[in-house]
Amino acid sequence: MERAGHQRCGSDCDTLVSQEVSDDEDLKTCNQFNQSKLQVFLFRVSSWRRGRLAALILVVLAGVLLIADISLGVRYNNLKDAHLTLEHVERIGKAMDELQKPQKSAVKPTMGSHKQLDIDVQDQQETIWELEHQTKSSKAYQVQIEKMTKNNEYLKSHLPMTAGGCGRCPSGWILMNSACYFFHFSDAAGLKSWNKARMFCQMYGGDLVVIDSKDKQKAIINHLVHYVEPSKVHIGFWFGLSDSHMERTWKWLDGTSLVEGFWMDGEPNDTNNEDCASVYAEKNFFKAWNDLTCEHEQKWICEKAPTSES
């Protein structure tokens, strides 16, 4: 009945439209009806489209299932082929092992040779170390030999030989070139002036040393250089030469004049009335003398004849 009413309304609306009736209420009713018809049409179209989409999805799913089925079949066949391949691989592996046996047999002696080579290299290294040690020891021995040779030469120059046989010097004195010498190296007795040093020597039956030859000068200087500490080379030693009786006329204790002197450069200069001679531990024994004031205190060297043994 409602649909019949609608149809009648539609017919009436058509009539009204064709007749161009301007009744507002009827026009509103007609528009509502047309909208209802449009909605029904759209719903039908939407339902049709949904049906086609569902069908399409089903077709795609069927295709996917077919592809999956085919893939599973191929995979199964591959697994069967792989089983056969593994058998072949095992056979190949065994064959390779057989081929490698001679190589392994050849490698073992080579490895042994390498180990022996390492041992030989280690032994050689120890030999090199020992050679270095021996070389170092040899250098040390050479230094000792040179020192002993020098001492031997020094001792030979002090051999206690005299024309009459063996000589003897007092305790603290040394025999050198057939004479006894006292070198005041100790600090216990202190320093003395030239005159007091001479008195000391005379107390022991000697006097200040007379250095009247090059050989005697060299022997005394060598002894000084050998025994004087490097920090005390500036301290001189009195010996028996002076010019106190006549300026610039140097004479020995026995009154004989100086013939050959071994003065330092610029000496003697007689500064501040320097009248007494002093000798120093200079390696260049040709330049080892200096003149000082006789009151200056320093060390000294005594000389005396040795005592003959019966």
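Which residues point one way from strand β8, and which point the other way? C276 and S278 point one way from β8 (residues 276-279), while A277 and V279 point the other way, and all are buried. Buried denotes under 20% relative accessible area, exposed over 50%, and partly exposed in between, with a 1.4 Å probe and protein chains only. The structure is a predicted model, in which local features need pLDDT of at least 70, side-chain atom pairs count only at pLDDT 80 or more, and totals for chains, interfaces and linings use all residues. Residues are numbered from 1 along each chain as its sequence is written, and side-chain values use heavy atoms, with hydrogens and water left out.

- Helices (H or I, at least four residues) and strands (E, at least two) are DSSP runs, numbered from the N terminus.
- Strand β6 (residues 237-242) runs antiparallel to β8 and is joined to it by 3 bridges; two strands pair if DSSP finds at least two bridges between them.
- Strand β9 (residues 289-292) is likewise antiparallel to β8, with 4 bridges joining them.
- Residue C276 of β8 stands opposite S242 and also opposite L292 in β9.
- S242 lies in β6 and counts as buried because its relative accessibility is 9%.
- The contacts of S242 are W194, T249, W250, K251, D275 and C276, not counting residues up to four places away in sequence; contact means heavy atoms within 4.5 Å.

- Strand β4 (residues 179-183) is largely enclosed by the rest of the structure, because 5 of its 5 residues are buried.
- A179, Y181 and F183 point one way from β4, and C180 and F182 point the other way.
- Strand β3 (residues 174-176) is joined to β4 by 3 bridges in an antiparallel arrangement, and I174 has Y181 as its bridge partner in β4.
- The hairpin of β3 and β4 has 2 residues between the strands, and N177 takes a positive phi near 55 degrees there.
- Strand β10 (residues 299-304) pairs with β4 in the antiparallel sense over 4 bridges, with I301 in β10 opposite F183.

**Helical segments**

- Helix α4 (residues 214-227) has 14 residues and reaches 20 Å from its first C-alpha to its last, close to the 20 Å expected at 1.5 Å a residue; the expected span is 1.5 Å times one less than the number of residues.
- The buried residues of α4 are K216, Q217, A219, I220, I221, H223 and L224.
- An α-helix has 3.6 residues a turn, so residues three or four places apart point the same way.
- S213 caps the N-terminal end of α4, with a side-chain oxygen 3.2 Å from the backbone nitrogen of K216.
- An unreviewed UniProt entry places the feature "transmembrane region" at residues 53-74; UniProt positions are given in the numbering used here, feature names are shortened, and annotations may be inferred rather than shown by experiment.
- Over residues 53-74 the chain is 100% helix and 0% strand, with the end C-alpha atoms 32 Å apart.

**Aromatic pairs**

- The structure holds 17 aromatic pairs. Rings of Phe, Tyr and Trp (its six-membered ring) pair if their centres lie within 6.5 Å; planes under 30 degrees apart count as stacked, over 60 as edge-to-face and the rest as tilted.
- W173 and F182 form a tilted pair, 5.7 Å centre to centre with 45 degrees between the planes.
- W173 counts as buried at 9% relative accessibility, and F182 is buried with a relative accessible area of 15%.
- W263 and W289 form an edge-to-face pair, 5.4 Å centre to centre with 90 degrees between the planes.
- Ring pairs link F239, W250, W252, F262, W263, F285, F286 and W289 into a cluster.

**K287 and its surroundings**

- K287 is placed in the loop between β8 and β9 and is partly exposed, with a relative accessible area of 37%.
- K287 and M264 are 23 residues apart in sequence, and their C-alpha atoms are 4.3 Å apart in space.
- Not counting residues up to four places away in sequence, K287 touches F262, W263, M264, D265 and E282.
- The side chains of K287 and D265 are joined by a polar contact of 3.4 Å. A polar contact is a pair of N or O atoms within 3.5 Å; within protein, one must be able to donate a hydrogen and the other to accept it, and residues adjacent in sequence count only if both atoms are side-chain atoms.
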